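Grab a pencil and work through these exercises with the model open beside you. Try each task on your own before you read the solution.

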Amino acid sequence: MIGLDDRHIEDEDGTEHTAPVWAVFGDLMSGLVGAFVLILVGVLVVQMDLVASLQAEVQKRQQEEQRRMALEKALAIPLQNGRVTLDNGRIGISGSVLFALNSDELRPEGRQILRSLVPPLQVYLGERDEMLMVSGFTDDRPVQATNQRFADNLELSAQRALTVTRALIQEGMPPQRVFSAAFGAEQPVAPNTSEKGRALNRRVEMAPVPKTTPAPTPKP
């Protein structure tokens, strides 16, 4: 009679050996424990990566909030008159304040606003070693046929952005701190189905952006 702790194993020559059941059970438990440890380590690694990602996101949001507050503080006076807006770090000026319809000639009132923006922006950009991107936008209506200066809205928005960029430089903004971009009728902020919406889309925006690192010069 064989005990519970023994198992009969028969070789090819008919010889029987008794193998302890608990030894087999122990090997099985060792394997299970090893698998559990591997799973636990994997879970811990995933959790650590998740915590690190969350911490990085929180830090990024905190930096963006600090950046927004610093920009609001720098532009406190220009923002008070309502001619300048600040949304998610983008400084907006209505196109009608800066230019007449289908024109890239800067109005005196627009130049005065730009003049008031240069000192605080110059300090803000200098402290963070950033640049100012000046972007021009239009509504979706085609340029008037009688206006032969601009082929389309993209060219009109480009000339307006360039005009603002040059005005900022003339008012004291270092040339290496500012550049222009054009978007035409793309990226509207309101539907172009009403005059009010089209007026909002005819605008110039300025946004501080990080300086790009120049590519290394290849060695001859």
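Helices (H or I, at least four residues) and strands (E, at least two) are DSSP runs, numbered from the N terminus. You're looking at a predicted model, where local features need pLDDT of at least 70 and side-chain atom pairs count only at pLDDT 80 or more, while totals for chains, interfaces and linings use all residues. Residues are numbered from 1 along each chain as its sequence is written, and side-chain values use heavy atoms, with hydrogens and water left out.

**Exercise 1: a helix with a bend**

Task: Work out how the span of α4 compares with the expected one, and find where α4 has a kink.

Solution: 
- Step 1. Start with the length: α4 has 21 residues and reaches 30 Å from its first C-alpha to its last. The expected span of a helix is 1.5 Å times one less than its number of residues. For α4 the expected value is 30 Å, and the actual reach is close to it.
- Step 2. Now look for the kink. The bend at a residue is the angle between axes fitted to the seven residues ending there and the seven starting there. In α4 there is a kink of about 35 degrees at V118, shortly before the proline P119.
- Step 3. Check how V118 is covered. Buried means under 20% relative accessible area, exposed over 50%, and partly exposed in between (1.4 Å probe, protein chains only). With a relative accessible area of 2%, V118 is buried. Other buried residues of α4 include G110, I113 and L117.
- Step 4. See what V118 touches. Contact means heavy atoms within 4.5 Å. Leaving aside neighbours within four places in sequence, V118 is in contact with L168, E171, G172 and M173. P174 is 56 residues from V118 in sequence, yet their C-alphas are 9.7 Å apart in space.
- Step 5. Walk off the end of the helix. α4 is followed by D129, which lies in the loop between α4 and β5. The phi of D129 is near 55 degrees, a positive value in a residue other than glycine. D129 is partly exposed, at 41% relative accessibility.

**Exercise 2: salt bridges**

Task: Say how many salt bridges the whole structure has, then describe the pairs E205 with R90, R149 with D104, and R198 with E195.

Solution: 
- Step 1. A salt bridge is a side-chain nitrogen of Lys or Arg within 4 Å of a carboxyl oxygen of Asp or Glu. Searching the whole structure gives 12 salt bridges.
- Step 2. In the pair of E205 and R90, the closest N and O atoms are 3.4 Å apart. This pair links distant parts of the chain: E205 sits in β7 (residues 203–210) and R90 in β4 (residues 90–94), 115 residues apart. E205 is buried at 11%, while R90 is partly exposed at 34%.
- Step 3. R149 and D104 meet at 2.8 Å, N to O. R149 is in the loop between β5 and α5, and D104 is in the loop between α3 (95–98) and α4 (108–128), 45 residues apart. R149 is exposed at 55%, whereas D104 is buried at 9%.
- Step 4. R198 and E195 meet at 3.5 Å, N to O. They are three residues apart in helix α6 (residues 195–201), so about one helical turn separates R198 and E195.
- Step 5. Finish with the network: salt bridges that share partners join D87, R90, R203 and E205.
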